[in-house]
Amino acid sequence: MTLACFSISVTNPATGEELSTVVSASPDDVRVAIHDAHQAFKLGVWSKTPAIQRAAVLSILAQHLEENILRLARIESMQTGRTIREMTAQLGRLPEWLDYYAALLRTHSAYVAPTQGPLLNYVQRVPLGVVAQITPFNHPLLIALKKIAPAIATGNSVVVKPSELAPMTVLEFAELTAEAGVPPGVLSVLPGYGRTIGKEIVSHPLIRKVDITAGTSTGRELGSLVGGNLAAYTAELGGKAPIVVFDDADPISAANGAAFACFVASGQTCVSGTRLIVQDGIYDEFMSLFLAKVNSITRRMGNPLNPKSTMGTVISQSHLQRIESIVQRGKAKSHGKLLVGGERLTGKSELDGFDFSKGSFFPPTVFENVSLESELWREEIFGPVVVVKRFSDEKRGLQLANASKYGLGAGIWTRDLSKAHRISAEIEAGLVWVNTHHRNDPSSPWGGMKESGIGRENGLEAFEAYTQSKSTIVNIATVEETRQAQDWFAEDEEQASTRYG
């Protein structure tokens, strides 16, 4: 049965105004897109194109993307509510991912395995087929591109479902790929809701890999569907990143770095610094500096399109209400002391007179000394809400850092190089930053431990995860040697010198 198509309204979370309507894919659209992607793959219009030619297309695409950064950054800011300063800086780096995987295509080579006997065993990486990607609202184009770049570089056909809250830039990017020379059917973008269209895509039997960025519960649910098809799976899921500040850290650098870790993207990142763990000796000085920075950020919030605005909105009114509920429960149950923030912004911006009451603005919020059993400590809030806790010695600091079911990102602030390496080795996270935070590069593997996911984005790991190895074993013996060695069922068993395996 064909279901009627319907439109998704994309709203500016800073103003509440509708930006665009996007037609949602139907189940029939999903089946057609995957069929076309599979046909393109089997015909080899991209999958069998020489690597050097695919690299050339990626390089052209990188140039096209660079020419459109300012336009796309404005769209990204309006559909997410994040500040134009953030989006211009973030999107400005995206061509690097295309250039990186183009370079890998130009330099990556097969290898010869050391096989016994007169055999030549060469091993190549070949594409998987049709792959599906589910991308989130918080970094719509960045996360989509981190997934798309290695997938199309390696010759796969790709079907992407962007977040229904922020699909516009991913749709715009798909048009750029066509202009750059990516053939029809190789990249399809299907807007829609995860609970319907997302499930329809990942459960299709022709999908050979699924790559998602989502919450942990969604990751589990979709993972069970993927497993049923024996497809590959990469999932970057939730996080509750600790920021451990030691006594010997530079307090000014640490306070500035922690503020960036905690409040960039309004705290809506899986590696957001949501648990500040500060040693006793530096605690008072650090907190004074950190809270001064928090007050400065709040004072300078305004229209996200104002280049001077420091922090934007959360993604929607419903998400704002969720954050408020968690904060209110934390206050009601006396889970620590609320130091600053805690209520949505209303009224006019001190920076530029922008009316906060029409948008989904929540200020930087800091709780002190919460219980480890508190929801504020345990659960991913996905907003600008931070908990702060003291520790006395290195052992206790490490215990607090690892006191979480998540393990995506973590930060360490110290001037002791030995301590930095020692603590980093023991922190249960896939990413550990020392004296910085949230640094990312196309060559650097990105992914989590524990309930923060499985598999890795970026780097050679992503390149290989979108391929599978294929061994070709060639007998290079002479005809005479082959006649003797290959006659397993020779009648004269004493003269047979066959090899098994």
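This is a short talk through one protein chain, from its overall build down to a few residues.

First, the ground rules. This is a predicted model, where local features need pLDDT of at least 70, side-chain atom pairs count only at pLDDT 80 or more, and totals for chains, interfaces and linings use all residues. Numbering runs from 1 along each chain as its sequence is written, and side-chain values use heavy atoms, with hydrogens and water left out.

Now the whole chain. It holds 17 helices and 20 strands. Both are DSSP runs, numbered from the N terminus: helices are H or I with at least four residues, strands are E with at least two. The C-alpha atoms fill a box of roughly 90 × 55 × 40 Å along the principal axes.

How much of the chain is buried? Of the 501 residues, 53% are. Buried means under 20% relative accessible area, exposed means over 50%, and partly exposed is in between, with a 1.4 Å probe and protein chains only.

Next, contacts, meaning heavy atoms within 4.5 Å. Take those between residues at least 6 apart in sequence: 72% join residues at least 24 apart.

On to a sheet. Six strands form an open sheet, in the order β7-β6-β5-β8-β9-β19, with mixed pairing. Two strands pair if DSSP finds at least two bridges between them. Which strands stand at the edges? They are β7 (187–189) and β19 (453–454); each has a single partner strand, so one side of each lacks a neighbour in the sheet.

Look at β5, residues 130–134. Five bridges join β5 to β8, residues 207–213, and the two run parallel. In that pair, Val130 stands opposite Ile207. Five bridges also join β5 to β6, again parallel. There, Ile134 stands opposite Lys161.

Both faces of β5 are covered. Val130, Ala132 and Ile134 lie on one side, Val131 and Gln133 on the other, and all are buried.

Now β6, residues 157–161. Five of its five residues are buried, so β6 is largely enclosed by the rest of the structure. Ser157, Val159 and Lys161 point one way; Val158 and Val160 point the other way.

Stay with Ser157. At 2% relative accessibility, Ser157 counts as buried. What does Ser157 touch, leaving aside neighbours within four places in sequence? Its contacts include Gly129, Val130 and Val131, along with Ala37, Ala40 and Phe41. Gly185 and Val186 are also in contact with Ser157.

Last stop, a loop. Asn306 lies between α11 (280–299) and α12 (317–332). Is Asn306 buried or exposed? Asn306 is buried, with a relative accessible area of 18%. Beyond its neighbours within four places in sequence, Asn306 is in contact with Ile84, Leu351 and Asp352. Phe354 is 48 residues from Asn306 in sequence, and 9.8 Å away in space, C-alpha to C-alpha.
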